[in-house]
Amino acid sequence: MLKIWSMKKEQQKKDNDEAAAGGKKKKVTAAQLRVQKGTNSALSPDLNELSLGSTMTTEFPDPDNILEFILTITPDEGQYTGGKFTFSFNMSPSYPHEPPKVRCQQKIYHPNIDLEGKVCLNILREDWKPVLNLNAVIVGLQFLFLEPNASDPLNKEAADDLRQSRDNFRRNVKNSMAGGSIRGVQYDRVLLK
Amino acid sequence: MAASSEDGTARWQYLNHIRKTKGPFNPPTDDEDVTPEMLDTLGKSTILVIGAGGLGCEILKNLALSGFKNIHVIDMDTIDISNLNRQFLFRKSDVGKSKAEVAAAFVERRVQGVKITPHNCRIQDFDEDFYMQFQMVVCGLDSIEARRWMNATLVNMVDEENPDSLKPMIDGGTEGFKGQTRVVFPTMTPCIECQLDLYAPRAAVPLCTLATIPRQPEHCIEWAHIIAWEQEKPFPSLDKDDPEHITWLYQKALSRAEEFKIPGVTYSLTQGVVKNIIPAIASTNAIIAASCCNEALKIATSAAPALGFEDNYMSYHGDEAIYTNTFKYEKKEDCAVCGSLSKPLEVDPRWTLQELVDSLATNASAQLKKPSIRTDSKTLYMRFPQSLEEKTRPNLEKTLREGLGLEEKQEIAVTDPAFPALSFKFFLRFT
Amino acid sequence: MTEIVMSQTPPILHGPSDKEKKYDRQLRLWAASGQAALESANILLVNSGCGTVGVETLKNLVLPGIGRFTIVDEAVVQNADLGVNFFLDETCLGKLRSKCCTELLQELNPDVQGEWFPKQQGTVELDQVLLDSPTYTLIMYTMPISPKDLAALKEYGQQHHTPLVAIHSAGFYSYFNIQLPGTFPIVDTHPEAERTIDLRLTKPWPELAQFAEEMTKDMDQLDDHEHGHLPYVVLLLHYLEKWKETHDGKLPTEYKAKLEFRETVAKSARTNNPEGGEENFQEAVAAVNRNIKEQTLESTLAEVFSHEASGNVNVKSSFWVIAGAIKEFHKKHGCLPLPGGLPDMKAQSSVYVKLQGLYKAKARKDSQEVLEIAKSLSDGRDVDSAEVDLFCKNASFVKLVNATTGDQDLKEQKANDSLAEVTMMPLSLFPIYLALSATTHEPTASVDQIKASVHSRLPAAADDMRVVQACEEVARAAGGELHNISALTGGMVAQEAIKIITKQYIPIDNTCIFDGIASRCQVLRL
């Protein structure tokens, strides 16, 4: 066998490496480390002040599993003001090689969110990169409530409404948020009060 | 016939002649003669093969014919008919059986004197004690996730007080006419995680394109896979190996394609998109597996310099003539697996977590003023976000050993907003 | 046995056939046409020495399903064989190696026929085997080989236009050399998809120009949704027309003009939306560099045209007839036949499908014209339209292998090596070839014998330090094969054999040297 160990000792002498580890227990996985770091930077108070404001909170059903959490958005601007929307976040062990899986937990009337809760946000799919973090995703979701995008929708009817008449769309949003039906589809009531 | 089959002298004459004869590229310091005992060490070492598929079958054959006598192989898969064009240890009558078991039995039958132990399970089913018995690990995997797990496990196993804890890892991969071989000496040379950016994430199409403006046959198939399946749930859960499920998706995709007048949806394409099939052929597997085993033999015998400390990566391209690129991939300083190896942290087991947190701020080698702390399975204290802080705050009052159940040598990961790109790993040493 | 795998859509409710299932992972590389070629291939291996590298090569050809193979090998199985060759076991000791390997190889794939010589222990007359056998598609031989057998194979290769592959593996080194029968053209080279795109933006045909004009005539009146879904091909055609109006009819093909043109397109995007821009305009800007350029011939195709003109082609195969027809098409139209592919781009489904239809129709029309030209040429009466279609689709990427005559030599390799530090190129593996090929007939030659042999061939090389080292390393092996090196080499040779038999992808020209110590290859023309 190649004399690897003596090479290691030499390498350490050279690097003056005091790193040491003896017969350890189970390790922290790479994905968990990334999320831990990610939550630190994404949700740190300075960033809260900058962009997140008071309109968002997170909830960890199991604090020992930081790879799953619920994000609540209560928009204070735009057509969705007065609603409360929750999204489940789920990071696989391949995170950040793969994007987090995000689902809206309510059935809502929104051009970019379908009735199953799937969200069309570029960085959740085609534009995800491992250097992105949860903060980018959260900002993206917030943006969707401020500026629903009518071109290339997931909910085609909602998009057509938005394109044809903003007023009509606004009425439908209000109606759906109160638990009403639009074209035979009943939406979940999401009003804060 | 010269020698009986029991006598290895005649059988291994080509290999042993080369091993006993020094070449011009052997390190000059390595001047001792190769004795019969030294030749025998190869037969005494135990080597682990991960995967008994396209690469794995080749690797088992190559190791057996390189003089390794004790081999283990792990694979959780069963044999499928589409394996038979390259996984040459399997026959049509083996379809449905365990890959690890059939492959091990075949090579044992063919090459006398080799012992191959099959494990028909996941690599995650074993712990470090199991992996500690091997001198080397050769991976022939098709999943990034399994590679990363094995890599992290081997890096974490390295124990400064135990030379046997450092297991060289040799990793192969193929796609069509292309492939790569790399050698990792855990904690010493760049690991698989350091090289993660060499894997381009799979190209994805925007969901809204699938939902409203499909243009390609792949868009129709993805629509059937991601959207139609979930709306209609034709079967309780999608089994990508069940032809009935693939047929359902194929028909959905086909009718959507007809609706939009998009040509090109076929059964084969449906299967390819849904299962993310990567083309695979016998010859490429032969090249990459043999390259891996050549490195394994060189490391195990020092018969010639191996990849690892200088060049550590060979990529092979066979579609346009032949081109290899053998180079040194650099270690990533902030690698999440090998970038920060855990350091000892002296703590009193009777301390509260708060006292540990305070000590991190004053500890000269840490200086972490706002730390968040986790073990692999438990969130001890997270400062952000607020909800998590509230939930974990009560832990601050608890003592390390009694209250939180922490043990000697427990590893903890610490992050701090002052160092957004870093995480620090420590293992506890009780005072 | 020779059932051809069909690539057409299987009827609904019918999955793939058993054969399609078995070969699924390779059909995705070379399709039904490549598979059919493999299944009609008949391969000869003349085996010798340790005998592993040739058998490992065959394994990689039997698995994907070649039609038949023959092993000629006089050796009787010894104990040493069992330590290096996987296709032998204990029961083979004392038996004919050719027969035992054939049987264990054939077991890998019941669709493949195997044959062996000699039938009884003793010598084999290679001449007689060649005379008695059906024509071989490809012949491989391993070192060492007797000068007599070598001469017989070379003669056969010339007579039957059969590619010959010489393989040599010893210790940590190997090389193989492919001798193709004359110039070897390949149409289906599988270039990267994005390289094959020809949008004809600088030279739109009338239907395309009209389509773009209609879509953009009241562009400013379009609503945001429609404006944001104009395909970038249409956008670029529109802005190119406008550009020409203000630039004396010239196209922005120069670097500076391109930059300016890109700017013009970028500025035309609407920004009154949340994203502050439009994706289709971004795509248009990104496509400028690659797609707006003077039509020039790829050098490989220029080589085909000049080769055709040089009269070097004595066999008027359909390839050269079609090449002649395309050359004429090019002379007449100033461009090649349209390949017909359209990349994905942001657009409404119906608009994209229409645009795609325009490109396909034009490609069909061009291909038809080439077919007509071909049929009017001598030897062109029976040219197949499917072959013309394929040629038209790949015209820019057609490749001639073995067309040049200039061989690389040691002097050139040493000159390159002296610049290695500047060019960052790895050192030449030519010394390995020199040393290894010196043992072609004498596998167990000593260092001094190998050096002397190199000296007699290339006096200048004998004192070169790297050549001396290679000689020492070759002598160290004493002709013994290492299984890994032979398995690896067998993989490379099999890849090349598949490329030659299927006439797909690009084979090497003509020698590949492998260094198992540094773990790398080099291809040289020798």
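Predicted model: local features only at pLDDT ≥ 70, side-chain atom pairs only at ≥ 80, totals over all residues.
Colleague: Thanks! And what secondary structure does chain B have?

Modeller: Chain B has 14 helices and 13 strands; these are DSSP runs numbered from the N terminus (helices: H or I, at least four residues; strands: E, at least two). Its C-alpha trace spans about 80 × 75 × 35 Å along the principal axes.

Colleague: Which residues touch the most other members of the largest nonpolar core?

Modeller: They are B:Leu60, B:Val138, B:Ala296 and C:Ala435, in a core of 176 residues. A nonpolar core is a set of buried Ala, Val, Leu, Ile, Met, Phe, Trp, Tyr and Cys residues joined through C-beta atoms within 7 Å. Helix 12 (residues 282-301) of chain B gives the largest share, 12 residues. There is also a second, separate core of 81 residues, including A:Leu134 and B:Cys208.

Colleague: Switching topic, where is A:Cys120?

Modeller: A:Cys120 is in the loop between strand 4 (101-104) and helix 4 (134-146) of chain A. UniProt, in an unreviewed entry, places the feature "active site" there; positions follow the numbering used here, feature names are shortened, and annotations may be inferred rather than shown by experiment.

Colleague: Is A:Cys120 buried or exposed?

Modeller: A:Cys120 is buried, because 24 other C-beta atoms lie within 10 Å.

Colleague: What does A:Cys120 touch?

Modeller: Leaving out residues up to four places away in sequence, A:Cys120 touches A:Asn112, A:Leu154, B:Pro206, B:Leu207 and B:Cys208. Contact here is C-beta atoms, placed from the backbone, within 7 Å.

Colleague: How many residues of chain C are in contact with chain B?

Modeller: 71 residues of chain C are in contact with 70 of chain B. Helix 22 of chain C gives the most to that side of chain C, with 11 residues.

Colleague: How do the residues on that side of chain C divide?

Modeller: They are 36 nonpolar, 20 polar and 15 charged. Ala, Val, Leu, Ile, Met, Phe, Trp, Tyr, Cys and Pro count as nonpolar, Asp, Glu, Lys and Arg as charged, and the others, Gly among them, as polar.

Notes
Residues numbered from 1 in each chain as written. Chains lettered and ligands numbered in written order. Buried ≥ 20, exposed ≤ 12 C-beta atoms within 10 Å, placed from the backbone. Contact = placed C-beta atoms within 7 Å.
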